[in-house]
Amino acid sequence: MMLVRRLLQDSNGATAIEYGLIAALISVAAIAAFQLVGTNLSSIFNTVATDL
């Protein structure tokens, strides 16, 4: 019972979870941005290749 009470009062676990969630959100945003930029660059390179 003391272990459960000590875990509930400890805020380090909550902080670690919050940092993990922030890192996951930043990762998802970065992946979405990279995919969008990659698609746009691909179409630009295709346009340049056809014009040449």
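**Close-up views of a predicted model**

**View 1. Residue I22 in its helix.** I22 is partly exposed, because its relative accessible area is 48%, where partly exposed lies between buried (under 20%) and exposed (over 50%), taken with a 1.4 Å probe and protein chains only. I22 belongs to helix α2, helices being DSSP runs of H or I with at least four residues and strands runs of E with at least two, numbered from the N terminus. The C-alpha atoms of I22 and L41 are 28 Å apart, and the two residues are separated by 19 residues along the chain. The model is predicted, with local features requiring pLDDT of at least 70 and side-chain atom pairs pLDDT 80 or more, whereas totals for chains, interfaces and linings use all residues. Residues are numbered from 1 along each chain as its sequence is written, and side-chain values use heavy atoms, without hydrogens and water.

**View 2. A nonpolar surface patch.** V37, L41, I44, F45, V48 and L52 together make a nonpolar patch on the surface, with about 640 Å² of accessible area, computed by the Shrake-Rupley method with a 1.4 Å probe, only the protein chains shown counting as cover for residues. Patch residues have over 30% relative accessible area and no salt bridge, with nonpolar side chains (Val, Leu, Ile, Met, Phe, Trp, Tyr) joined within 5 Å and like charges within 9 Å; a salt bridge places a side-chain nitrogen of Lys or Arg within 4 Å of a carboxyl oxygen of Asp or Glu. V37 lies in helix α2, which covers residues 12–51, and V37 counts as partly exposed because its relative accessibility is 46%.

**View 3. The helical setting.** The protein has two helices and zero strands, and its C-alpha trace spans about 75 × 10 × 10 Å along the principal axes.
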